[in-house]
Amino acid sequence: MARISFLNSWRTQSTGTRVLRLMLGGTWLYGGLQKALDAKFLDKASTGYIGAQITGFAKSSPLSFILRRMIEHATLAGWMILLGELAIGIAVLTGVALQAAIIGGASVSLILWLSVTWHVYPYFLGSDTAYLVMWVALFFLVRKEAGARAGKSPIPNLSDRREVLQMVGVGVTAVIAALAAGGLKKSIPVPKTGVKIVDLSAFPVGSYAQFTAPDGSPAYLFRTKAGVFAYSAICTHQGCTVGYNPSSNTFDCPCHGGKFNPANGGAVLAGPPLAPLASIKVAIQGNSIVTV
Ligand code: FES
């Protein structure tokens, strides 16, 4: 029965609705799984910790009064975001509690726009405004195609047992998916320290090079008279990969114009990022430069 309603939810909808459902549902599911698989997201000691991200957003978001309160419950907020994204993705793709999921997705996009991408200029470079518009369009398409003009409310009817059970089902599925992803995360090898990056003799003072950090992400290594140091090349705004520009001695982000200063702890020089680039600990050991 559930299989039939899942298939019907796709068969009976227009191509435009299907495209929006596929894109939004797939993106939300991917976003939730990515957070569940990211060891840094709920790790308080990491620069990628959700609490560190909320602290950065709280500095200048119009929602700062809410975000500041969330900081002390950041891990709980992180779990809610992760499970919420998974639940919305699953609901939109399966068509279970679809309208409730669309309202949830639009709310998430609105909050992300007011916090994460609020300072992106021009606005069209920030993805959250586009997602918000897509959710609104999907909502009206689904309402129209479901014959909602006949009087059905877009708000989930909590006195309707079937609708409540559907939402509980989506929530339980999200928890199971998160736990399964958590198990997968444990099987991913923990990045090792002491990994050789390059021979010291091949990397004289004044050199810089891109390398792959032990966690598999892109990074940059520098050697100056003061020693060796390295930064993650993942932009702290929305995760694009920054490039090193030797003529200006800056890291430049191609997505929204963020600039970082490698000579000053990866500090933000320009653009929407609020946090510096994450530094990676490296050291000289014998004739090698290694991660520590
Ligand atoms: S991802 Fe937006 S400035 Fe880098």
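The chain has a mean pLDDT of 81, and 80% of its residues score at least 70. Confidence is highest in strand β7 (residues 259-261), with a mean of 94, and lowest in helix α8 (residues 161-187), with a mean of 63. Over residues 186-191 the pLDDT stays under 50, and for this stretch the model has two contacts beyond four places in sequence. Where pLDDT is low, the predicted coordinates should not be read in detail.

Eight helices and 11 strands are present in the chain. Of its 292 residues, 34% count as buried. Among the contacts with a separation of 6 or more, 52% are made by residues 24 or more positions apart.

The largest nonpolar core comprises 36 residues, and those with the most contacts inside this core are Ala219, Tyr220, Leu221, Ala230, Tyr231, Ile280 and Val282. Two or more residues are contributed to this core by each of the helices α3 (50-58), α4 (64-70) and α6 (98-115) and the strands β3 (218-224) and β4 (227-232). Both domain 1 (2-187) and domain 2 (196-291) supply at least three residues to the core. A second, separate core contains 24 residues, including Leu82, Leu86, Ile88 and Ala106.

Val282 also illustrates contacts between separate parts of the sequence. Apart from its neighbours within four places in sequence, Val282 is in contact with Ile197, Leu221, Val228, Phe229, Ala230, Ile289, Val290, Thr291 and Val292.

An open sheet of three strands has the order β1-β11-β10, with antiparallel pairing. Strands β1 (196-199) and β10 (282-285) form the edges, each pairing on one side only. Direction ignored, neighbouring strands of the sheet are turned by 25 degrees against each other on average. Strands β10 and β11 (residues 288-291) run antiparallel and are joined by four bridges. Within this pairing, Ala283 stands opposite Val290, and Ile284 stands opposite Ile289. In a regular strand the side chains alternate between the two faces of the sheet. The hairpin of β10 and β11 has two residues between the strands, and Gly286 in this hairpin takes a positive phi near 65 degrees.

Positive phi values also occur at Ala97 and Asn249. Most residues other than glycine have a negative phi. Ala97, which lies in the loop between α5 (74-94) and α6, has a phi near 50 degrees. Asn249 is located in the loop between β5 (243-245) and β6 (250-252), and its phi is about 50 degrees. With 12 other C-beta atoms within 10 Å, Asn249 is exposed.

Helix α7 (residues 127-145) holds Leu141. Leu141 counts as partly exposed because it has 18 C-beta neighbours inside 10 Å. Leaving aside neighbours within four places in sequence, the contacts of Leu141 are with Ser14, Gly16, Thr17 and Leu20. Leu141 and Thr17 are separated by 124 residues in sequence, yet their C-alpha atoms are 6.4 Å apart in space.

Notes
Residues numbered from 1 in each chain as written. pLDDT = per-residue confidence, 0-100. Contact = placed C-beta atoms within 7 Å. Core = buried A, V, L, I, M, F, W, Y, C linked by C-beta atoms within 7 Å. Buried ≥ 20, exposed ≤ 12 C-beta atoms within 10 Å, placed from the backbone. Domains from an automatic or database assignment. Pairing = 2+ DSSP bridges. Axes fitted to C-alpha atoms, helices over the stretch in contact; angles between N-to-C directions.
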